[in-house]
Structure formats: C-alpha cells, structure tokens
2 protein chains.
Amino acid sequence: MSSEQALTTRAADFSAWYNDVVMRAELADYSPVRGCMVIRPRGYRIWELMQQALDGLFKATGHENAYFPLFIPQSFLAKEAEHVKGFAPQTAVVTHGGGKLLDEPLVVRPTSETIIYAMFAKWIQSYRDLPVLLNQWANIVRWELRTRLFLRTTEFLWQEGHTAHATADEAEREARLILGLYRRFAEEWMAMPVLTGVKTDSEKFAGAVRTYAIEALMQDNKALQAGTSHNLGQNFAKAFDVKYQTTAGDTEYVWSTSWGVSTRLIGGLVMTHSDDNGLICPPRLAPLQVIVVPIWKSDTDRQGVLEAAQRARQSLVDAGISAQVDHRDAVKPGAKYYHWEARGVPVRLEIGPRDVAQGQAVLARRVGGKAAVPLAGLPAAVHEAMDEVQAALLEAARARREANSIRNVKGREELKAFLDGAGGFAYAGYCGDAACETAVKEETKATIRLLPDEEFRSAPAPRTCVWCGRPAATEAVWAKAY
Amino acid sequence: MSSEQALTTRAADFSAWYNDVVMRAELADYSPVRGCMVIRPRGYRIWELMQQALDGLFKATGHENAYFPLFIPQSFLAKEAEHVKGFAPQTAVVTHGGGKLLDEPLVVRPTSETIIYAMFAKWIQSYRDLPVLLNQWANIVRWELRTRLFLRTTEFLWQEGHTAHATADEAEREARLILGLYRRFAEEWMAMPVLTGVKTDSEKFAGAVRTYAIEALMQDNKALQAGTSHNLGQNFAKAFDVKYQTTAGDTEYVWSTSWGVSTRLIGGLVMTHSDDNGLICPPRLAPLQVIVVPIWKSDTDRQGVLEAAQRARQSLVDAGISAQVDHRDAVKPGAKYYHWEARGVPVRLEIGPRDVAQGQAVLARRVGGKAAVPLAGLPAAVHEAMDEVQAALLEAARARREANSIRNVKGREELKAFLDGAGGFAYAGYCGDAACETAVKEETKATIRLLPDEEFRSAPAPRTCVWCGRPAATEAVWAKAY
C-alpha cells in the first residue's frame with residue numbers, strides 16, 4: 001500500500017481497514033515466514049511502553065522475572081491430560097539439532113507451565129519456599145492456519161506469570177489480583193474499557209480449574225479476549241509432583257496460578273480507538289507523543305521558525321515528553337499533518353512566523369480540535385492536553401461499548417437478531433448447561449465471553465435462561481469474538 | 001549443593017568453583033532440556049540491569065528496537081555462502097507444525113541477519129530510507145555439545161543490532177561506535193576491563209568483512225570474548241539484493257553492520273570478580289545492593305532494632321537504592337552474613353541495640369572492610385561506598401589483567417611456556433600468515449584474540465613474528481579462551 005492512497009474505511013471493510021492502519025502506521029509487516037510477523041520500531045515501542053507499565057505493576061505486587069527454556073520435551077506436555085489435548089495440535093516441533101535426529105522431539109513452547117513445574121518440583125520443599133511469584137517475558141509459538149497481524153500469529157510475544165502457593169485461598173486471591181491489574185492496565189494505559197469475569201468450562205485454559213478474563217468490545221462490535229488469569233488448583237502440582245512440607249509437618253501439593261497478556265493487546269488498542277484517517281494511540285502508550293511542524297513560506301522566515309520548533313521540542317523532551325520536529329523541506333505542512341495523523345501521534349504543534357512573533361504555537365489534538373497555546377509553559381499545556389485526550393478516549397470507548405450492549409435479552413429470537421445484526425455484548429440469563437452454550441454458538445457463532453463479575457451484572461438478575469427458558473443459574477455475556 | 005557446604009575454591013577447581021558460585025547465588029539452574037538453562041530471578045535481574053544500560057546507550061545513539069521472527073526458512077540461511085557454512089551445523093530445525101510435515105524446514109534463529117535482510121530489501125528504496133539503525137532483544141539457539149551455565153548454552157538471550165548505511169565509511173564508523181559502547185558498558189557497569197581490536201580472518205563472524213571485539217581476562221587467565229561488532233560490507237546486501245537509489249540517481253547496494261552481546265556477559269561478570277566465598281557483583285548491576293541485618297539478643301531489644309532496620313531500608317529505597325531487611329528469626333547474624341556474601345550483595349548494614357542507641361549502623365562492604373556510619377545521611381554514605389566499590393573492582397581487575405599479561409614475547413619457546421604455564425594475554429609480533437596462527441593453536445590451544453587497537457599496542461612495536469621470525473605485519477594478543 002503506497003503512503004499516498006487513502007485507507008480502506010471501517011464501513012467498507014473493517015478487516016481491511018485494520019490491516020491498512022497497522023501497515024500505514026508502520027506498526028508491523030508481513031514476514032516471509034508463514035504466520036509470523038515483523039514488529040516494526042513503532043509497534044515495538046508500544047510494546048515496550050506496555051511492558052514497562054505491566055512490569056511495574058507486577059513488581060509492585062512482589063513478582064520477579066525469570067527465564068525458562070524455549071524448548072519443552074514432548075513428554076512433558078503430555079503429563080497434564082487436559083493441557084496436552086489443548087495444545088498438542090498447535091505445536092511446532094524440533095526434530096533435528098546439530099545435524100542429528102533427536103532422541104525425543106522438542107516442542108517450541110506454546111505456554112510454559114510444564115517446564116516451569118519441572119523446576120518448581122526442584123525448588124519447592126517447604127512452606128518457607130512459598131509463595132513463588134514468577135513472571136517471564138518471552139516469545140510463544142502456536143501454529144495458526146489463519147493469521148492476522150498482532151491478533152493471531154504463529155509466533156507472538158507475551159508475559160506469562162506462574163505462581164505457587166500454600167493454600168487454595170491464596171491461589172484464588174492471586175488469580176483475582178492479577179485480573180485487577182490487567183483491568184487497571186487496560187483502562188488506565190490503553191484507555192480500553194474491559195469487562196471482567198470468569199470463563200465457562202468450554203472456554204477455559206487447558207488445565208485450569210477457573211479462568212478469569214478481561215474482554216473488550218472492538219469497533220466492529222466483536223469481543224477481544226485481552227488477558228487471562230488462571231486458577232490452576234493442584235492440577236499441575238499433581239502432574240509434576242510439586243509438594244511442600246506444611247507448618248504442621250504434613251506434605252501437600254501446592255496451589256498455583258498462571259496468567260498472561262500478549263502483543264495481541266496492540267491489535268486491541270488499534271481496533272478500539274483508530275479512525276478512517278489511521279491510528280489513534282492513547283498518549284501514555286504513544287511511540288511519539290508530539291510532532292512539531294514548522295511552517296514557512298519565505299526563506300527569511302525559515303530559520304526563525306525552525307529554531308522556534310527546535311526550542312519547543314527541547315522543552316518537551318526535557319519534561320519527559322517524546323517529541324520530534326518534522327523538518328523535511330520537500331514536504332508541505334498539510335502532507336505532514338496527514339502523515340502523522342496516520343501514525344497516531346496524539347498532539348501536533350504547528351509553528352509559523354506569526355506564531356513565533358506572538359510567542360505561541362497551535363496545539364492540534366489527533367482527536368479533539370485545536371487551539372493556540374503560549375510557548376512559555378508549553379510542557380504543562382501539552383501534559384494537560386494529553387491527560388484530557390487519554391481520559392476522553394476511555395470515555396468514548398466506554399460509551400460506544402454501552403451503546404452496543406443489550407441487557408435482559410428476552411429469548412432466542414431477540415438474542416439471534418442482536419448477534420446476527422450489528423452485534424455487541426448481549427447480557428442474558430444462562431442455565432449453566434453447556435448444551436445451551438453450544439446451541440447458541442452453532443446458531444450465531446457467538447460464544448459466552450464471560451460470566452460477569454458483580455460490578456457488570458444486571459439488576460435485577462435475569463431469571464430464566466435466554467435459550468432454554470429454564471431458571472437462570474447466572475448471567476452471561478455473549479458476543480462474537482476474535 | 002546444599003547451602004551449608006563450602007564452595008569449591010578457585011585454586012582447587014576453577015570450573016567447579018564457577019558452577020558453585022552461580023548455583024549458590026541462585027543466578028541460574030540446570031533444566032531438564034539438554035543444553036538449556038533456567039535463568040533464576042537473581043540472574044535475570046542482572047540481565048535486566050544490563051539491558052537497561054545497553055538499551056539506553058543504543059537509543060542515545062539513534063537506534064530503535066524491533067522484533068523479527070524466531071523461525072528462518074532453511075533456504076534463507078544458504079543465501080550467504082560463508083554464513084551458512086558457519087551456522088548450519090549448529091541449528092535446531094523445526095520439521096513439523098500444527099501436526100503436519102512442513103514443506104520447507106524452519107531453522108530456529110542462530111542469528112537474524114538473513115530474515116532481517118529479507119525485510120530490508122522491502123523497506124529500503126532510496127537514500128532517504130538510510131541509515132536504518134535497528135536492534136532486537138531476543139532468544140537465540142545454537143546447538144552446543146558441551147555447555148556451561150551462561151558461558152555456552154544451546155539457548156541464550158542477547159541483543160543483536162542490524163544497521164544499513166549509504167556508504168562504506170558510515171558502516172565502518174557504526175561498527176566502531178558500537179565497539180566503543182560495548183567497552184564503555186563493560187568497564188563502567190560491569191567493572192570488567194576489556195581490550196578492543198579486530199579479529200583475524202579465522203576468528204571473524206561468518207559473513208563479515210571485519211569483526212571487532214572486546215576481550216576480557218578471567219581469573220583463570222583465560223580470555224572471554226564478551227561482545228562483537230561486525231562490518232558486513234555489502235556481503236548480505238548482495239545476498240539479499242538490498243539496493244538503494246543514491247542522491248545521484250544511481251543504484252547501489254547498502255553497506256551494513258551487525259553486533260551483539262549476550263547473557264554470556266553474566267558468566268564474565270562472575271569470573272571477573274567473585275571469590276571463594278561466592279559472588280561479587282559490581283553495585284551498578286547488583287540484583288540487591290544493600291542487605292540490612294538486625295542484631296538482637298534479648299526480646300526487649302528486638303522491636304527497636306527491627307524498627308531501626310526498617311527505617312534504614314526505607315531511607316535507602318527512597319534514594320533509589322535496592323535494599324532488604326533480613327528479619328528471619330531462626331537464623332543467626334553470622335549465617336545471614338554468609339548467606340548474603342555468597343549472593344554478592346555489595347553492602348551489608350549491621351544494626352544492633354548499641355547502634356540504635358548511637359544512631360549508627362555498621363557498613364560492611366562485600367570487598368573492602370567495614371566501618372560505622374551515622375543513620376542520618378545513610379543514603380549518601382551507601383552511595384559513596386558503592387561508588388568506591390565499583391571503582392575498586394575495575395581497578396583490581398585491571399591490575400590483575402596487567403599482572404597476567406606479557407609483552408614483547410621473544411619467540412616460540414617463551415610463548416609456549418607462558419601459554420602452557422599460568423597463561424594470560426601474550427602480546428607479540430605476528431607476520432599475518434594464517435599458517436603461524438594455526439601452528440600456535442595446534443601447539444598451545446591458544447588463539448589470537450585480537451589485533452589490538454592503537455591504545456593497547458606495545459611501543460616500540462614488535463619487529464618480528466613470534467612464531468616464524470619473519471617481519472611482523474602487526475601485533476597480536478594470544479590467549480587460551482572460553
């Protein structure tokens with residue numbers, strides 16, 4: 001796609017629009033390796049900013065980073081019955097190393113529970129060794145037939161937390177704590193509102209007792225599972241014989257959790273905020289926060305305008321704001337605006353000869369209009385604008401989600417009409433029988449995204465199952481999903 | 001190895017000592033996967049601190065991070081003749097994905113030049129697209145038969161820089177710039193003095209025109225290649241057809257570089273500084289900088305001492321120093337000292353009832369004695385101690401290296417006696433003929449580590465080759481190496 005062409009619009013083809021936005025903003029590119037993408041510097045910078053924020057949240061709650069092998073002996077994967085059923089079909093397998101056929105094939109990690117529990121068994125002996133609170137930043141491989149940049153690729157980057165505890169209660173609290181951190185990160189950094197809740201058995205992690213998740217609604221009204229936190233009970237502890245001596249002197253299996261978010265979040269960020277002009281990026285995660293565009297017509301103006309632009313940039317950089325000057329001679333201001341809009345820079349500063357004379361710049365927001373600001377005190381004005389944009393993006397996304405949610409769906413026909421129509425989150429009663437879940441999926445392709453947490457439940461609670469009409473055991477949120 | 005046993009001493013068995021230090025300090029552990037290690041939180045924290053420092057140096061010189069696929073089609077590796085010869089025997093090969101035999105096997109990256117140049121060919125069209133200054137933090141796989149924790153493992157973590165330039169001069173300047181950054185990092189952060197210079201053809205990177213390196217001398221007088229920076233000329237550009245339009249309108253191949261350091265640096269850090277009591281870690285890279293040990297005999301003292309210890313810790317943490325209190329009840333102070341010494345904590349603060357009464361603590365350095373310091377102004381005292389330790393470690397390592405270097409080696413017998421004896425760096429004249437290099441290697445197992453840069457050369461320059469007696473073309477530094 002040439003950088004001159006207009007992007008596909010969301011209305012014309014949401015999926016093509018998404019690819020156009022990602023490519024035009026230079027977040028990622030297709031690689032010659034089937035199913036694998038290249039994350040370009042602008043995309044990787046978003047990931048670095050995400051990592052910094054998440055890593056800070058994890059460390060502040062006592063977690064430490066470690067690193068475990070990329071390769072997992074095939075036999076390890078088989079030790080937990082549900083786990084191997086879930087992951088074996090998706091693995092990439094190394095059969096040769098150093099020019100020789102291996103005695104046992106090695107799987108490229110599709111997740112690291114099995115290799116980590118083999119080490120837990122070595123490290124954990126006593127209640128004094130607990131809790132173990134680890135996290136790993138790593139690449140993961142799951143063979144995918146149909147791939148989408150960031151959303152579904154054979155290789156992706158993620159963090160995976162793995163913790164072991166002395167009691168079931170502690171493990172449950174940990175899984176819930178992390179769910180809260182994920183929600184906070186999604187809302188405060190990504191400006192992406194999420195629902196929280198628990199997955200049904202059919203959607204939970206292979207090997208988990210309970211899977212919690214955050215779910216966001218994209219602009220095409222499809223749901224994106226943006227992070228999961230699993231209470232693994234003693235399933236993996238039993239499979240890998242991870243036992244500890246209790247304070248009473250007994251021996252017990254540990255209780256454990258695992259949890260992760262991935263580069264898929266970048267896809268979620270794009271689909272939550274961007275428009276037909278390209279990427280819209282919340283200021284806290286923007287690879288570049290401010291672009292300064294100097295404007296001149298005559299050569300006599302040029303020098304003064306460029307100097308003022310450089311001074312403005314320096315004042316921002318000194319205040320911890322990332323900023324660049326677009327000083328390309330051969331490109332007109334309008335083309336520069338267009339260029340940086342597509343790349344999602346939240347704030348543009350325009351500085352012309354009259355602005356220099358008046359000691360001001362024009363501050364244009366990627367979303368939200370423009371106004372003159374004095375060059376003295378520029379960093380404060382930019383900080384204020386970015387804070388407002390950050391908050392406005394979250395509010396807009398929340399309002400959109402609520403406008404596209406339907407509560408108290410009365411029965412099959414209403415549910416089908418909603419899900420087959422514009423789509424969105426459908427809240428309805430659910431009897432708890434997997435047969436109803438399956439039936440809805442077969443008829444509409446929608447799944448139960450969550451059994452929502454208290455905060456997101458309807459009042460009064462729905463009394464009957466939307467599908468079978470029997471008494472509702474709970475409320476569920478249905479949607480088509482990525 | 002139980003935590004009660006003494007470590008193997010360096011004199012008894014340097015290699016066993018090294019493993020003991022790494023294991024006792026909990027930097028790493030053996031994994032059930034052949035040739036792959038687990039990097040434990042204390043080891044990974046050193047790597048994180050190394051990453052922060054290096055990433056800052058790279059970004060300050062205009063480099064950006066990106067991420068390229070883990071898998072490389074086997075045919076890509078073959079495109080540069082020297083490259084495939086160097087790396088093909090060491091590869092791990094994925095033959096199956098998603099349950100099916102792949103049409104073309106995929107190599108797990110042993111380095112990423114080939115996949116990156118395939119992308120450069122797509123991104124680089126014009127002189128306006130140059131230079132491209134990329135870096136990637138990634139895992140790498142090179143099949144190894146004999147492995148050592150951190151020093152040589154089948155999987156390791158590294159950074160790999162890849163840059164493309166419009167001229168040969170620019171590429172050469174880049175390779176040299178990075179060599180300088182590596183030296184600065186080794187000396188200022190790791191307190192590990194290094195020689196810089198260029199590799200002979202037999203030791204250079206497979207596909208490079210010229211390989212620069214930093215080389216350090218370990219305590220067993222063996223050399224460790226700690227980082228390399230390659231001028232690749234147009235070799236990879238030609239293999240992958242990476243061309244650009246010059247300002248004059250002609251088409252030319254780009255000139256390029258690549259460069260890397262890895263988790264091997266952690267092994268170098270251990271072998272440069274540590275002693276028979278365990279890890280010694282330079283304060284700038286210490287996972288934990290200060291351990292506070294409260295000392296009490298009676299229960300009446302306990303509360304006051306613990307509170308003073310907590311206040312001391314908090315004052316340090318507020319000043320950006322990492323600090324913990326060892327408040328284990330069942331462990332005696334002496335055992336705590338021993339515990340934290342083995343883990344390389346640079347500064348220990350002992351606080352007893354009399355210290356509390358006098359408003360002081362005893363500041364004990366991991367290396368360099370102990371003295372009382374007032375609790376008021378503690379952060380400044382600790383900063384000063386850490387700065388002194390950091391500088392003293394570098395000086396001690398430099399003095400040790402110089403004491404174990406021999407210059408102006410007169411001929412074969414002297415060279416052999418030195419290299420077969422205590423060992424170290426041997427500086428001598430070299431005719432430039434690979435036959436002499438090979439002969440020395442066959443007789444002594446030592447290799448030419450570097451043709452040293454100006455700063456490290458002897459004056460007057462040696463006039464004859466140490467091996468053949470013909471006129472010397474240059475000076476070379478020989479040593480046995482890891």
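1. Conventions. In this predicted model, local features need pLDDT of at least 70, side-chain atom pairs count only at pLDDT 80 or more, and totals for chains, interfaces and linings use all residues. Residues are numbered from 1 along each chain as its sequence is written, while chains are lettered from A and ligands numbered from 1 in the order in which they are written.

2. Relation of the copies. Two copies of a chain are related by a rotation about an axis and a shift along it. Here chain B is superposed on chain A by a rotation of 180° with 0.0 Å of shift along its axis, at an RMSD of 0.0 Å (the superposition is by least squares on the C-alpha atoms of residues with pLDDT of at least 70 in both copies). The two copies are therefore related as by a two-fold rotation axis. Within chain B, the C-alpha nearest that axis belongs to Val94(B), at 2.1 Å from it.

3. Composition of the interface. Chain B contributes 40 residues to the contact and chain A contributes 40 residues, where two residues are in contact if their C-beta atoms, placed from the backbone, lie within 7 Å. On the side of chain B that touches chain A, the largest share, six residues, comes from strand S5 (residues 92-97) of chain B; strands (E, at least two residues) and helices (H or I, at least four residues) are DSSP runs, numbered from the N terminus. That side of chain B divides into 26 nonpolar, nine polar and five charged residues, with Ala, Val, Leu, Ile, Met, Phe, Trp, Tyr, Cys and Pro counted as nonpolar, Asp, Glu, Lys and Arg as charged, and the others, Gly among them, as polar. Because 100% of the interface residues of chain B are also interface residues in chain A, the copies meet through the same surface.

4. Strand S5 (residues 92-97) of chain A runs antiparallel to S5(B), and five bridges join the two; strands are taken to pair if DSSP finds at least two bridges between them. One of the residue pairs involved is His96(A), whose bridge partner in S5(B) is Val93(B).

5. Neighbours of S5 within chain A. S5(A) is also joined to S6(A) by four bridges in an antiparallel arrangement, and Val93(A) has Val107(A) as its bridge partner in S6(A). The hairpin formed by S5(A) and S6(A) has two residues between the strands, and in this hairpin Gly98(A) takes a positive phi near 55°.

6. The eleven-stranded sheet. In chain B, an open sheet of eleven strands with mixed pairing has the order S3-S7-S8-S14-S11-S10-S9-S22-S23-S21-S20. Strand S3 (64-65) and strand S20 (405-406) of chain B stand at the edges, each with a single partner strand, so one side of each is left without a neighbour in the sheet. Further along the order, strand S9 (residues 195-198) of chain B pairs with strand S22 (residues 447-452) of chain B in the antiparallel sense over two bridges, and Val198(B) stands opposite Leu451(B) in S22(B).

7. Strands S3, S7 and S8 of chain A. Strand S3 (residues 64-65) of chain A runs parallel to strand S7 (residues 132-141) of chain A, with two bridges between them, and the bridge partner of Glu64(A) in S7(A) is Leu134(A). S7(A) is joined in turn to strand S8 (residues 155-165) of chain A by ten bridges, this time antiparallel, with Leu133(A) partnered by Thr163(A) in S8(A).

8. A helix crossing in chain A. Two packed helices are described by the angle between their axes and the distance between the axes. The axes of helix H9 (residues 299-318) and helix H12 (residues 378-403) of chain A come within 9 Å and cross at roughly 65° (axes are lines fitted to C-alpha atoms, for helices over the stretch in contact, and angles run from 0 to 180 degrees between N-to-C directions). H9(A) is therefore roughly perpendicular to H12(A), given that angles under 35 degrees count as roughly parallel, over 145 as roughly antiparallel, 65 to 115 as roughly perpendicular and the rest as oblique. The contact is made by Ala312(A), Ser315(A) and Leu316(A) of H9(A) with Leu378(A), Pro379(A) and Val382(A) of H12(A), and by class it has five nonpolar, one polar and no charged residues.
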